[in-house]
Every structure is written in C-alpha cells, then in structure tokens.
Amino acid sequence: MTTTTEKTGRVPEPRAGDASGTPLLEVRDLHVEFHTRDGVAKAVNGVNYSVNAGETLAVLGESGSGKSVTAQAIMGILDMPPGKIPQGEILFKGQDMLKMSAEERRKIRGSKIAMIFQDALSSLNPVLSVGYQLGEMFRVHQGLSKKDAKAKAVELMDRVRIPAAKQRVGDYPHQFSGGMRQRIMIAMALALEPDLIIADEPTTALDVTVQAQVMDLLAELQREFNMGLILITHDLGVVADVADKIAVMYAGRIVETAPVKELYARPAHPYTRGLLDSIPRLDQKGQELYAIKGLPPNLLRIPAGCAFNPRCPRAEDLCRTESPALHAVTERDGTALPGRGSACHFWKETIHG
Amino acid sequence: MADSAKNDKAVAADADTDVTPNVSEVEVSEASTTAEVEAVLDAPVERGEPILQVRNLVKHFPLTQGILFKKQIGAVKAVDGVSFDLYQGETLGIVGESGCGKSTVAKLLMMLETATSGEIFYKGQDITKLSGRALKAVRRNIQMVFQDPYTSLNPRMTVGDIIGEPFEIHPEAAPKGDRRQRVRELLDVVGLNPEYINRYPHQFSGGQRQRIGIARGLALNPEVIICDEPVSALDVSVQAQVVNLMEKLQDEFNLSYIFIAHDLSIVRHISDRVGVMYLGKMAEIGSDSEIYDHPTHPYTQALLSAVPVPDPAASAARDRIILTGDVPSPANPPSGCRFRTRCWKAQDKCAEEVPLLAVPEVFAGRKTPAAHESACHFAEERQVVPAA
Amino acid sequence: MPEKTSPEASRSTVAVAAGGAAELTEATVKKADQNKPRSLGQDAWRELRRSPLFWISSVLLLLFIVMAIAPGVFTDADPRQADLRGHYLSPPNWSHLFQADWFGYNQQGQSVYARTVHGARASIIVGICVTVAVTVFGGLVGMLAGYFGGWLDTLLSRITDIFFGIPLLLGGLVTLQAFTHRTVWTVVLGLTLFGWMQIARVMRGAVITQKEADFVTAARALGAGTGRILFRHILPNALGPVIVVATIALGGYISTEATLSYLGIGLQDPVISWGVDISDAQKNLRDAPHTLLVPATFLSLTVLAFILLGDAVRDALDPKLR
C-alpha cells in the first residue's frame, strides 16, 4: 500500500514499517460523532495517524480533543448509538477493521490489539481473583485448562514484576496498590502477546514515583515484544521520555505531528507552543505563566475555520473562514522535515519565528 | 509561654511524635474572653511575620470493627506530628503523594476534622480549642479552595447564591443591601462576567467553576487561603489561567496561601517555601530553591527525579532515581524513619530512630542552601533537577 | 427546541479585571440559550416536556383529579340513588356517553358511571394524603439517620427494618380492624403507619451521598450551621430520588386502599370508593361483569398513570443524560 497525499496532506512516515511497507495500524480520515439531545457533537473530525511495530506514538490532547474517542473507535468499544462513525478507515495490517464482522473484530481485540485504561480499579472485576482474571484470557482464547491458565497468570505477574506473584495470584484487585493494579492491567493486555497496545492515560491516576516505574515497564515490554504502542495522554512530561513521535489533537483534529524531540524544540502550531509555554518548569521559577486565553471549544459548536482561532494569538481573517490542512513542515530553505506536519495557515511564522 | 512550642506532654506520651526543635516559638495570645479572642483574630499581622503556626499536629482515624458495638482495632495515622509556620503574604507549598496526609492537613487547618492532638495557632491563638463565635471569626479569616470544581458548588444554587452565601452565614461582613453588588464585584475580580450572577454552576466549564469557587473563598476577605489541589482537575491550558489569577489575587488582597498539590512543577512556580510530606510526616521543608535545587532528603530527591519534564533534552540529562515498591499503609507505618522501606540509604539506625525534622548536623552552622530542615539521618545534597 | 440567540450571547468577549489573566470567549458557551439561568429543575422540565409518557400520564391524572374535585362536571346522576325497579343489573349502553346508564346499573340499581366518577375522590385523597404523610415522616427519619449517623442511625435503621418486616396490607388490615367507624382518614393513618419505610431508606441513602459532597464541606468551612447545611444544601439535592419513589408508591397506596375496601376492612358505606364497588360487584361477576370491570379499569388506570409519571420524572432527573 502506498501512501497517497490527499487534501489533508498526510505526512510521510519517519520510519519504515515492516518489509511490505504497510504500517501496523493506520487511521485514515476518521470521523466520529455523538448524537445528543442538544445536537451532534463532532468528537473526531478527520484524524490520520499510523503506528509501526516497535514504535510509540503519543496522542496528546486536552479533555474533549477526541484522543480517547479515536482509541475507542480503534478498539471497537465505542457506544453506538449515541456514537457514529460516518466516515473513515481503520487499517490493521492493511485490513479495514470498520468493514469486518463483529466476530472478526472480537478476535482481533485482546489477541492482536489490547488496551490499558486509566482507572485500573474499575477495569478489574472486584469479585474475581486477579489470577482468575488473568487466566481467563488463556482459557477463552487458547482453551487452556484451569491449572495451566493459573500457571500462565503467575508467569505474567512475574513478567510485570509483581513481587511474590505465586502467593498473590489468588488475591483480589482491592488488595493491590494503585501501581500494582496498573501492572496487572498491563499483564492482562500482554497476555496474548498483542501486536499493538493502546494505553489511555495509563499513569494519570498514579503517584509520580510509581508513574516512572510503570512507564519504564511499559517501554521495556514494548521493546521486548516489538509491539506498536499508542500512548494517549494530556501530560506533555510523560510523553517526552517514551514516545518516538507525537500527534497533538485539538477539537477532534490533529493539529501537529512531529518526532518527539523536534516538537519540544520547535513547535510548529500555536496551540502546541501555547501548551509548552503554559506549563511551569521544575528547574526554574518563572514569573507569570503564559496562559492560552479562553476555553477549549464545545464540540457541538466548533468554531468555523481553524477550531483554535478564538484562542490563537496569531489568528487572522483567513483562520476564521478556512480550515487549515495538515501542511508538511520544512526548514526555512525548503529542506523536508520528515514526519512533521502542522495544521496552521501560519506554520512557517510559528516555527521559524 | 515559650515552652508551649514544644509539646512536652505529647513527646513523653508517644515517642513517634515529631519534635521540631528549630521551628520558631509561638507567641501564644493570652486572650480568654470571646471578645478578646475576636480582637486578637482581627488584629493585623506584619508582612513576613508568622500568621499560622502548626505544632505537632496529629490526626489518627480509628479503624473499628463490629456494627452495634464498635471496637477499635487500630488507627490510620494520616497525619502524625507535623509542624510548620506560614508567614504573612507568602505561599507555602505542600507536596506529597496520595496518602501522605496533605489533604488531611488541609481539613485540620480548616477545622473540618478534629485534630487528635497538636495545636494550630492563628495569630497566636490556638484555634483547635475554639468554638462558637470565636470559631466563626476564625472561619472568616481562613478560607479554602477545593480540588474538584464540579462537586464543590451546589448544583441547585445560582452563582449569586453560592458566592453570596458567606454573607448570609456572616451577616456582619456585608450589609444586606450591598451583598448583590459585592457578589458582582467578586465575579469581576475573578475574571467572570458579573452578568452571570443568576446562572447555575452546570452552565460553566471547569475553569470558570474554579473561579466561582475562588470568588466564594474571597468573599469574606480572608487572610489565609488553603488551596487543596486547586488546579489538578483542570485542563493544562486552563491551569495556567487559574494559577495566574491566584497569584494576582494574592498581591491584590495581601493573602497568605497554603498550596497543596501533587504537581511539583506548579508548586515550585507558585510557592515561596515548600514542605514535602511522606506518610503523615514532613520529610523536608525549605525555600523553593533549597528544596528543588538542593534537596537533602532521599525521598525529595526521588520525587523530584521522577517528575516527567516536558523537554526531552533536559529529561535525558537527568539523574533518575526509580524507587521500588509502594507507599506502606498509614495504618501500619514502618518503625523509625517512614521512608526506610523504599530508601536506598537505609541502615539499622533508620529502623530504630525517628529522624527529627531539623537542619542536618553536617550542614548545621554552614551558610549553604543545603542547610534547611530535613528529617533524614544521612542527609546529603544531591542535585536531581539540572539547572536551567 | 431552538431558542433565539439573545444579543448578549453574541458578545464575543468579557472584560476581565486588571491583570488580564484571562479573557473568556463566549465562543465556548455551551448553548445558544446559555445566557439564561437554567436550574437543574428547569432542565428536568425541558426533558419532561419531550416525554410522551409524561403527557399520557399527566392527561390521565388531570382527568382523575378533576373527577375527584368536581364529579359534577362528568355526571349529574346521583351515585346513591337506587332504582331497583327499572335498573337491576342492567347492562351498559355504550352509546349513551356521559349519561347515567353509560356503564349500566349495579345490583342496587345505582348508576355504575356515577358511582365510579364519585369514587375517584376517596382513592385520590387516600393516595395523595398517604404519600404526603409518608414522605414527610419517612423523609424526616431518613434525613436524621443519614445526616447524624452513629447510634441514632443504628436505632432508626433497625426500627425501619422491623417495620419493613410487616407487609403494608397486613399492617393496614390489623390497624383498621381496631376502628369500627372507618373514614378516609383512618385509612390514611393505617397506610402511613406501615408505608413510610421505603422513603426513609431512599432518603437516608441520598443524604449520606450528599453529606460527603464537596459543596457541603465548603459550606461547613464557611461556618454554616446544621440547619442551613441540611435544608439549603443536602435536602434539595437529595429530594430527586425521593420524589420518584413517592410518585410510584402513590399508585400502590391507591390500590392498597382498594384492596382493604374490597376485604371489607377499608372504607365503608356511605363513602363511595372503587374498592367498595369492586367488593360489591364480585357477587354478580357472572351476570353483570361491567359492575366490576368499570371501577377496576379506572383504578388500574389511575395507578398506572402515577407509575408512568414516576418513570418519566426519574428519566428527566437522571443526571447521566446530561
């Protein structure tokens, strides 16, 4: 499959996928809307991104940016209705999952694509032991016996470094701490050695010292199994350490894509720049913080033109009428910057000052 | 008068109680009648003088068993001997992970929970012993901003009623006819349209709601505001707006803040001094530069090194300390130093002897930023946040 | 229902006090009619207006309530006038709408239509009065238990449990047995005595939930007293589920009254009630089923209307939809 440059201007991938050149997962022009009593909320409005095996894509955005909805659409766990996917493709190894039967999708979910949620406590069943829940994956998908499944569960718990796994396999979720529960979630996601893991705010509910442990574990396991990882987060800090590339979302669109180091060094979209400027620094005491004015848009009434225009310091008339495509970002002299894109009419001014 | 700073009685009763030899002595007020107490509470405090002094504050929540006849089987030691001063006009940040007791400290300072032992002196008056009118006078002066802007406003009341409620509870604060006008002014001060006075909370976004919460806190012209995670529920782009607003209000109204948060970057940004809590005790306290650039307690060092930094270059250059294990249960904390179970420096002494919150001997008398209070037997400086 | 955007809503920015920390753009307001204050109650009303269930039940209830207040609107016939000569168990004349013989006559030659119309009053009074009494009493018990907790909660909850063990019908039966002369009010007393527990439990649960809410803590931090916290903050927020349960229970009280009357232990002549009529009609069930079916249909329609209303109100109050 060749990557065609459409109107939205998809940006060439920074890294090649497997031999055939097909990315592990590719989302094309995805739209998701929710029909509510107040009207149609357009949660995702034409998202394109792709992940290769062994690669980490961070999807960064605030609440309502559509980052989690996109992930739910990929997993096929969107509530429909009220949700609806009027347009778009989700290609897993080149196959459009939106065209598959429910049964085919169910087979992919869990065994090929797994998801880790923010709140481990509510994602685990409180009345079943952790070992039973881990073993369930093997019993259902691989038809293992109870005893073998339990042995596999212990092995998994060891792998995510839960101390005394053998003794704790019969414990219930509430008997574990937050960090340990998140490890169990990771173990569950890993159980069938999937090709892709989607982690939705995996460390947001955890304390900083535990956050670091869990992120390290996730990164290490990803390397070990050569999995693709989509990391959904609102925290610019968490992303910096682990991601290869970043997609920044705003009002259901990707406003900027870039390899991780370049995004922080030279943002090419005013929203990204504003976000970076508005976080206080640990290593210095600033004066007044830069604040992006206004509030995130209401998805029922996304502003015309560029959705960010009412809050943008750079907005001009053009921004209020015309929605910017994702432009390929280049150096001042026109040298291509692979993997970089910005959905801003004035990306040149933003990146080159 | 002076010896009340050290709670001798408590020390004798419980060896675990933190003794902080070098916090300033409290000038205890000698007011006895309600009128005298009220006069003390309303007296102005010079900038830089202590306004709120906490001494050996303890809060144990009993663990009980049985339905009809409850039997105490233990206690969650949420706060276990905490002492600090808040100076007029400053912001004292309190950081720590969940379960360290920082929110319980906020509730104790607000008199929303009754302290198991210890004192809270507001202008030299121990407010844990007050009740009735005198306590109400304290409430006028110490207010709170809550974490969750979605649950801290009554959904059945209009914004005008929410911000005006302090005046109904304290009618002396504003004459009846002026109240509506005062509410409009307060809305304006926090950056909301005064015309919004008749709206209901659910018509606002999270950031706007937090502004309403701040306006309510400001209504009675308090001197101290306790902020319990005031921005952690907000979006990143809105956090900065609220932090800036709080800094502006501090200057405008001459407020003193206690700013409780788990986000170390925001705490550094807003605080003049920072206290680090671990498992119900204060591990280290000092100025923002002393804590962030010259931490001496291993927990502070680990905490700082774990904070994700939104800058891949700085992040790579960092000295990362990854702690093993989880925070122990506050119902059954480790003996001696509470951090020893996760500390890479722990020795026998740490299990036997509770380290006091004091300037470590190695640094005592030296003029170095490392010479600040740190509750560690083996305190040593270690820079974990590379200088910008 | 689209409402016109008021001129203020289009004002793009809001001036902010000096310092310029933020500028709030109106582009982000949630709805065009956001400028109007909308309480949760008004929102629930908007939701209710769209519910067909609500309209069906409201029309039915309105009909029955008018019937209870002014039966003369529906019929001129005297429900007590007996004419055995001409009308003994005569069948309905379906074409004689709103006339005395519309639904035929009963064993005593009384107009079934007139008796059924007049019977509404007893049923509706019993239903509404029991519900009000139960809500006040049960609500109070639940509120005290939930708010103060501790030994008071233990005591009140155990008493509630004990009463829960006694079926409403059995309790009412035993209580009313003690009265030889029974009116609407004795029935109300009997049903209230054994009907308050469910409300008490619902109220207790709602109060406990609200007691922990941050806005209650905020009020305490301001120095608010118990009365203000209970009645200004907790009660308005705890009332929703209680109203729903009470509305649905109202139908149940009406049918219990009818059951008691049917058993001959509820209302007595000369009070006209659906239950009394149903009881009388059973003797002639085979010869004149209309004497039973007409009051029975009215009874079940009334009960159904209250249950439907309760359902509609619950849906409107459900915060998950927002």
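This is a predicted model: local features need pLDDT of at least 70, side-chain atom pairs count only at pLDDT 80 or more; totals for chains, interfaces and linings use all residues.
Me: Where does UniProt place the feature "transmembrane region" in chain C?

Reply: The unreviewed entry lists residues 53-74, 124-150, 162-179, 185-203, 234-254 and 292-313. Take two of them. Residues 234-254 of chain C are 100% helix, with end C-alpha atoms 30 Å apart. Residues 292-313 of chain C are also 100% helix, and there the ends are 32 Å apart. These annotations may be inferred rather than shown by experiment.

Me: Why is C:Val66 called partly exposed?

Reply: Buried means under 20% relative accessible area, and exposed means over 50%. C:Val66 has 32%, so it counts as partly exposed. The residue sits in helix H2 (residues 52-69) of chain C.

Me: Which residues make the nonpolar surface patch of about 270 Å²?

Reply: C:Leu62, C:Val66 and C:Val73 make the patch. A patch residue needs over 30% relative accessible area. C:Val66, at 32%, meets that cut-off.

Me: What makes helix H9 of chain C mostly covered?

Reply: The helix spans residues 214-221, and six of its eight residues are buried. They are C:Phe215, C:Val216, C:Thr217, C:Ala218, C:Ala219 and C:Ala221. Each falls under 20% relative accessible area. After the helix comes C:Gly223, with a positive phi near 95°.

Me: Which elements do the buried residues of H9(C) pack against?

Reply: From chain B come helix H4 (132-141), strand S6 (142-145), helix H5 (159-169) and helix H7 (206-218). From chain C come helix H8 (197-211) and helix H10 (226-262).

Me: Why is H5(B) said to be largely enclosed by the rest of the structure?

Reply: Nine of its 11 residues are buried, so the helix is largely enclosed. Among the buried ones are B:Ile162, B:Glu165, B:Pro166 and B:Phe167. The cover includes H4, helix H6 (179-189) and H7 of chain B. It also includes H9 and H10 of chain C.

Me: How do you know where domain 1 and domain 2 of chain B run?

Reply: The domain assignment gives the bounds. Domain 1 covers 2-63 + 74-271, and domain 2 covers 297-374. Their C-alpha centres lie 28 Å apart.

Methods
Residues are numbered from 1 along each chain as its sequence is written. Chains are lettered from A and ligands numbered from 1 in the order in which they are written. Side-chain values use heavy atoms; hydrogens and water are left out. Patches are made of residues with over 30% relative accessible area and no salt bridge: like charges are joined within 9 Å, nonpolar side chains (Val, Leu, Ile, Met, Phe, Trp, Tyr) within 5 Å. Accessible areas come from the Shrake-Rupley method with a 1.4 Å probe; for residues, only the protein chains shown count as cover. A salt bridge is a side-chain nitrogen of Lys or Arg within 4 Å of a carboxyl oxygen of Asp or Glu. Helices (H or I, at least four residues) and strands (E, at least two) are DSSP runs, numbered from the N terminus. Buried means under 20% relative accessible area, exposed over 50%, partly exposed in between (1.4 Å probe, protein chains only). Domain bounds come from an automatic or database domain assignment. Contact means heavy atoms within 4.5 Å.
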